[in-house]
Amino acid sequence: MYSGYKMVIDDPSKFHLLTEDMQKTMLKAAAATVNVQAFLTRKNAVQTFHTDFTLRNDFTEKSIYVAQAPKEAMSFSEIESHVGALDRASYLERQETGGTHKPTNGGQLSIPTIAARSGSRRKPVEDSMYRRKVNKKIIKYNPYHKGTGKSALVSAAEVAYEQKKFLKYNKNIYRVTSFTKSGDNIKFNLQMIYFRGKSETQTKATHWLTEASLKPAQDAQAIFNSQMNKLDK
């Protein structure tokens with residue numbers, strides 16, 4: 001996914017009438033123009049991320065790239081630049097166009113709760129709460145394994161608490177924060193770490209890249225004039 005800029009002139013057929021030095025100057029100015037447009041687009045996109053998105057680290061910002069036009073282009077057809085998102089941030093394409101988010105292997109989405117994010121939705125998932133790490137420490141509750149469903153849950157919760165593991169219960173994943181036993185009186189508290197009650201979510205289109213590219217595109221002539229002035233000095 002990317003937005004691109006390409007430099008053209010009103011009548012390319014007359015380009016040969018210019019002096020060689022002027023041709024080189026115009027080509028350099030054109031290359032500089034589309035590169036300035038690309039970097040301005042990136043700047044606008046990053047600003048949108050910080051104002052409209054919930055960023056938990058700098059991963060998204062660092063995933064926006066700029067592919068510059070060659071500074072020594074021999075023709076206007078070679079002059080184009082691109083700005084977009086790296087494949088590692090594929091979710092940004094869904095943010096741009098909107099769409100459905102589903103787990104890659106089917107089943108239910110694993111949505112981290114506030115508890116997995118150190119108490120704030122704006123914070124990243126704690127390192128110890130990454131799903132791949134949690135998966136290795138899950139005690140699965142099996143209501144048909146040991147006595148009644150209730151006793152099986154109590155048994156699984158006790159093991160999870162004592163071994164500092166996680167409990168999978170009704171598809172969701174929990175941390176057992178306390179467990180007390182006094183005779184037949186047993187109490188324990190569960191804190192949800194991952195909610196797994198949805199097979200998909202809908203993302204509304206934000207058009208973050210399209211919006212970021214509009215102003216640089218409109219300013220193409222002014223940017224080109226500025227670049228020409230710099231080269232004439």
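**Close-up views of a predicted model**

**Figure 1. A salt bridge links D127 and K133.** D127 counts as partly exposed, with a relative accessibility of 45%. The model shown here, and in every view below, is a predicted one. The partner in this view is K133, whose side chain meets that of D127 with an N to O distance of 2.5 Å. K133 is partly exposed too, at 31% relative accessibility. Both values fall between the 20% and 50% cut-offs, so neither residue gets called buried or exposed.

**Figure 2. D58 pairs up with K62.** Here the closest N and O atoms of the salt bridge are 3.1 Å apart. If you're keeping a tally, the whole structure holds five salt bridges.

**Figure 3. E158 and K181 join a helix to a strand.** The closest N and O atoms of this salt bridge sit 3.3 Å apart. E158 belongs to helix 5 (residues 149–162) and K181 to strand 8 (residues 172–182), so the pair ties together parts that are 23 residues apart in sequence. K181 is partly exposed, with a relative accessible area of 49%; the cut-off for exposed is over 50%, so K181 stays in the partly exposed class.

**Figure 4. Helix 1 crosses helix 7.** Packed helix pairs get described by the angle between their axes and the distance between those axes. For helix 1 (residues 20–52) and helix 7 (residues 220–232), the axes come within 8 Å and cross at roughly 130°. That angle makes helix 1 oblique to helix 7, and the crossing is right-handed. On the helix 1 side, the contact is made by M22, T25, M26, K28, A29, A30, A32, T33, V36, Q37 and L40. Helix 7 brings A220, I223, F224, Q227, M228, L231 and D232. Sorted by class, the contact has twelve nonpolar, four polar and two charged residues.

**Figure 5. H207 sits in a loop and has a positive phi.** The loop runs between strand 10 (201–203) and helix 6 (208–218). Phi of H207 is near 55°, a positive value in a residue other than glycine. At 38% relative accessibility, H207 counts as partly exposed. Which residues does H207 touch, leaving out those up to four places away in sequence? The answer is Q95 and E96.

**Figure 6. N170 is another loop residue with a positive phi.** N170 lies in the loop between strand 7 (166–169) and strand 8. Phi of N170 is near 55°, and N170 isn't a glycine. This residue is exposed, with a relative accessible area of 55%.

**Figure 7. Stepping back, the protein has seven helices and ten strands.** This last view puts the close-ups in context. Of the 233 residues in the protein, 33% are buried. And how do the contacts span the sequence? Taking contacts between residues at least 6 apart in sequence, 65% join residues at least 24 apart.

Notes
Residues are numbered from 1 along each chain as its sequence is written. This is a predicted model: local features need pLDDT of at least 70, side-chain atom pairs count only at pLDDT 80 or more; totals for chains, interfaces and linings use all residues. Side-chain values use heavy atoms; hydrogens and water are left out. A salt bridge is a side-chain nitrogen of Lys or Arg within 4 Å of a carboxyl oxygen of Asp or Glu. Buried means under 20% relative accessible area, exposed over 50%, partly exposed in between (1.4 Å probe, protein chains only). Helices (H or I, at least four residues) and strands (E, at least two) are DSSP runs, numbered from the N terminus. Axes are lines fitted to C-alpha atoms, for helices over the stretch in contact, and angles run from 0 to 180 degrees between N-to-C directions. Angles under 35 degrees count as roughly parallel, over 145 as roughly antiparallel, 65 to 115 as roughly perpendicular and the rest as oblique. A crossing is left-handed if the near helix is turned anticlockwise from the far one by less than a right angle, and right-handed if clockwise. Contact means heavy atoms within 4.5 Å. Ala, Val, Leu, Ile, Met, Phe, Trp, Tyr, Cys and Pro count as nonpolar, Asp, Glu, Lys and Arg as charged, and the others, Gly among them, as polar.
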